[in-house]
Amino acid sequence: MTTGVELGQPQAQSVRSDEDVVRVRQLVRAVAVSVKLSLVDQTKVVTAASELARNTLVYGGGGSVEVTVVSNGRRKGVQIVFADSGPGIADLDLAMTDGYTSGGGLGLGLSGSRRLVDEFEIETSAESGTQITVTKWSR
């Protein structure tokens with residue numbers, strides 16, 4: 001498995017099964033190590049990636065994940081884009097509420113995943129599905 005350590009070169013992983021969720025975790029861990037995230041930050045970003053990949057599978061009907069090494073000029077980070085063509089998130093405000101869960105997952109929900117990363121963006125609609133972009137920066 002390649003680790004995508006080259007700046008700006010995304011590593012793609014489809015998400016069609018539970019095994020793919022495991023592969024996403026492994027890829028994110030490898031890239032997090034390559035940009036020298038602390039063990040705590042590695043754990044945070046891998047946990048968020050696991051939750052969001054599972055959501056992509058369960059609620060989005062599957063999709064794709066791209067993991068990229070990014071730089072802001074001072075430090076490197078890991079950026080992960082989760083995309084599906086599912087039905088979208090009907091009530092985004094509710095879904096982003098602390099403690100909200102629709103079952104399944106790690107029980108973190110979107111709000112928990114958002115707290116584990118440094119940057120979190122979400123776009124969702126019934127027409128185009130959901131895309132979530134997260135970034136974790138080295139300290």
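A residue counts as exposed when its relative accessible area is over 50%, and as buried when that area is under 20%. Anything in between is partly exposed. By this cut-off Arg139 is exposed, because its relative accessibility is 64%. The model examined here is predicted.

Arg139 takes part in a salt bridge with Asp41. The closest N and O atoms of this pair are 3.4 Å apart. The bridge links distant parts of the chain. Arg139 sits in the segment after β5, and Asp41 belongs to helix α2. The two are 98 residues apart. Their surroundings can be read from their accessibility. Asp41 has a relative accessibility of 5% and therefore counts as buried, whereas Arg139, at 64%, counts as exposed.

Arg139 also forms a salt bridge with Asp118. Here the closest N and O atoms lie 2.8 Å apart. Asp118 is in the loop between α4 and β4, 21 residues from Arg139, and this pair too links distant parts of the chain. Asp118 is partly exposed, because its relative accessibility is 33%.

A further salt bridge joins the side chains of Asp118 and Lys136, at 3.6 Å from N to O. Lys136 lies in strand β5, 18 residues from Asp118. With a relative accessibility of 3%, Lys136 counts as buried. Side chains of opposite charge can pair when their charged atoms come close. Across the whole structure, the search finds six salt bridges.

The largest nonpolar core contains 30 residues. Ile80 and Phe82 have the most contacts inside this core. Six elements are listed as giving two or more residues to the core: helices α1 (18-34), α2 (39-58) and α4 (109-116), and strands β2 (63-71), β3 (76-84) and β5 (129-137). The largest share comes from α2, which supplies seven residues.

Ile80 illustrates the packing. Leaving aside residues up to four places away in sequence, Ile80 touches Val28, Val45, Ala49, Val65, Glu66, Val67, Ile132, Thr133 and Val134. One of these contacts, Val134, is also the bridge partner of Ile80 in β5. Strands β3 and β5 pair in the antiparallel sense, over eight bridges.

Strand β3 also pairs with β2. These two strands run antiparallel and are joined by nine bridges. Ser71 has Lys76 as its bridge partner in β3. The hairpin of β2 and β3 has four residues between the strands. In this hairpin, Gly73 adopts a positive phi near 95°.

Helix α1 has 17 residues. The helix reaches 25 Å from its first C-alpha to its last, close to the 24 Å expected at 1.5 Å a residue. Its buried residues are Asp20, Val21, Val24, Leu27, Val28, Ala30, Val31 and Ala32. The buried residues of α1 pack against β1 (11-15), α2, β2 and β3. One of them, Val28, is among the residues touched by Ile80. Just after α1, Lys36 takes a positive phi of about 65°.

Val40 is located in helix α2. A relative accessible area of 53% is why Val40 is classed as exposed. Gly112 lies in helix α4. Gly112 is classed as buried because its relative accessible area is 3%. Gly112 and Ala48 are 64 residues apart in sequence, yet their C-alpha atoms are 7.8 Å apart in space.

Definitions and conventions:
Residues numbered from 1 in each chain as written. Predicted model: local features only at pLDDT ≥ 70, side-chain atom pairs only at ≥ 80, totals over all residues. Heavy atoms only, no water. Core = buried A, V, L, I, M, F, W, Y, C linked by side-chain atoms within 4.5 Å. Buried < 20%, exposed > 50% of the residue type's maximum accessible area, 1.4 Å probe, protein only. Contact = heavy atoms within 4.5 Å. Salt bridge = Lys/Arg side-chain N within 4 Å of Asp/Glu carboxyl O. Pairing = 2+ DSSP bridges. Expected span 1.5 Å × (residues − 1).
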